[in-house]
Amino acid sequence: MVEQPLDINDYLVDHPEATFYVRVQGDSMEGVGIFSGDILVVDRSLEPQHSSIVVAAVFGELVVKRLEIKAGTGFLLVSAQSGYEPIVVNENEDCTIWGVVTGSVRTFR
């Protein structure tokens with residue numbers, strides 16, 4: 001039996017025009033299985049929800065964190081690894097949620 005060629009985009013991408021790949025650097029999200037060197041699938045068309053893993057631009061630097069929305073006071077960007085303080089964000093902060101992480105790819109080289 002011959003199978004059709006595998007296109008990873010068919011499995012990981014729902015919105016091709018709004019989906020990007022980002023390579024991870026650092027260990028702050030290892031607690032949820034995201035490791036340095038992984039490639040994240042990021043969908044910019046999705047509305048971030050409480051507990052979404054997001055890519056955010058904080059003071060010009062991209063970070064990967066779990067979003068915790070605090071009613072009326074802003075939100076937190078939280079690491080999945082102990083030793084990292086949450087990033088507290090209110091409307092006065094220079095922070096933009098860039099996209100929602102929908103998957104990851106890892107190679108074993």
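**Aromatic pair**

I looked for aromatic pairs and found a count of one. The rule I applied pairs rings of Phe, Tyr and Trp (its six-membered ring) if their centres lie within 6.5 Å; planes under 30 degrees apart count as stacked, over 60 as edge-to-face and the rest as tilted. The pair consists of Phe20 and Trp98, with 5.5 Å from centre to centre and 50° between the planes, and it is tilted. I noted that it links distant parts of the chain, since Phe20 lies in strand S1 (residues 19-23) and Trp98 in strand S7 (residues 95-105), 78 residues apart. Strands (E, at least two residues) are DSSP runs, numbered from the N terminus.

I then looked up the accessibility of both partners. Phe20 is partly exposed at a relative accessible area of 36%, and Trp98 is partly exposed at 22%.

**Basis of the entries**

I record that this is a predicted model, in which local features need pLDDT of at least 70 and side-chain atom pairs count only at pLDDT 80 or more, while totals for chains, interfaces and linings use all residues. Residues are numbered from 1 along each chain as its sequence is written, and side-chain values use heavy atoms, with hydrogens and water left out.

**Ser79**

I located Ser79 in the loop between strand S5 (74-78) and strand S6 (87-89). Its relative accessibility is 13%, so Ser79 counts as buried. The side chains of Ser79 and Lys65 are joined by a polar contact of 2.8 Å. Such a contact is a pair of N or O atoms within 3.5 Å; within protein, one must be able to donate a hydrogen and the other to accept it, and residues adjacent in sequence count only if both atoms are side-chain atoms. With neighbours within four places in sequence left aside, Ser79 is in contact (heavy atoms within 4.5 Å) with Ser28, Met29, Lys65 and Tyr84.

**Val55**

I found Val55 in strand S3 (residues 53-58). Val55 has a relative accessibility of 1% and therefore counts as buried. Leaving aside neighbours within four places in sequence, I listed its contacts, among them Val42, Leu62, Thr96, Trp98 and Val101. I also checked Val55 against Glu93: the two are 38 residues apart along the chain, and their C-alpha atoms are separated by 16 Å.

**Positive phi values**

I searched for residues other than glycine with positive phi. Ser51 has a phi near 80°; Ser51 sits in the loop between strand S2 (39-43) and S3 and is partly exposed, with a relative accessible area of 34%. Phe59 has a positive phi of about 50°; Phe59 sits in the loop between S3 and S4 and is exposed, with a relative accessible area of 56%.

**Largest pocket**

I noted that 18 residues line the largest pocket, and that Gln25, Glu61, Leu62, Val63 and Val64 lie nearest its centre. On a 1 Å grid over the protein atoms alone, a pocket is an open set of points where a 1.4 Å probe fits, with protein on both sides within 12 Å along at least five of seven lines; lining residues have an atom within 4 Å of a point. S1 and strand S4 (61-70) each supply at least two lining residues, and S4 gives the largest share, five residues.

Definitions and conventions
Helix = DSSP H or I, 4+ residues; strand = E, 2+ residues; numbered from the N terminus. Buried < 20%, exposed > 50% of the residue type's maximum accessible area, 1.4 Å probe, protein only.
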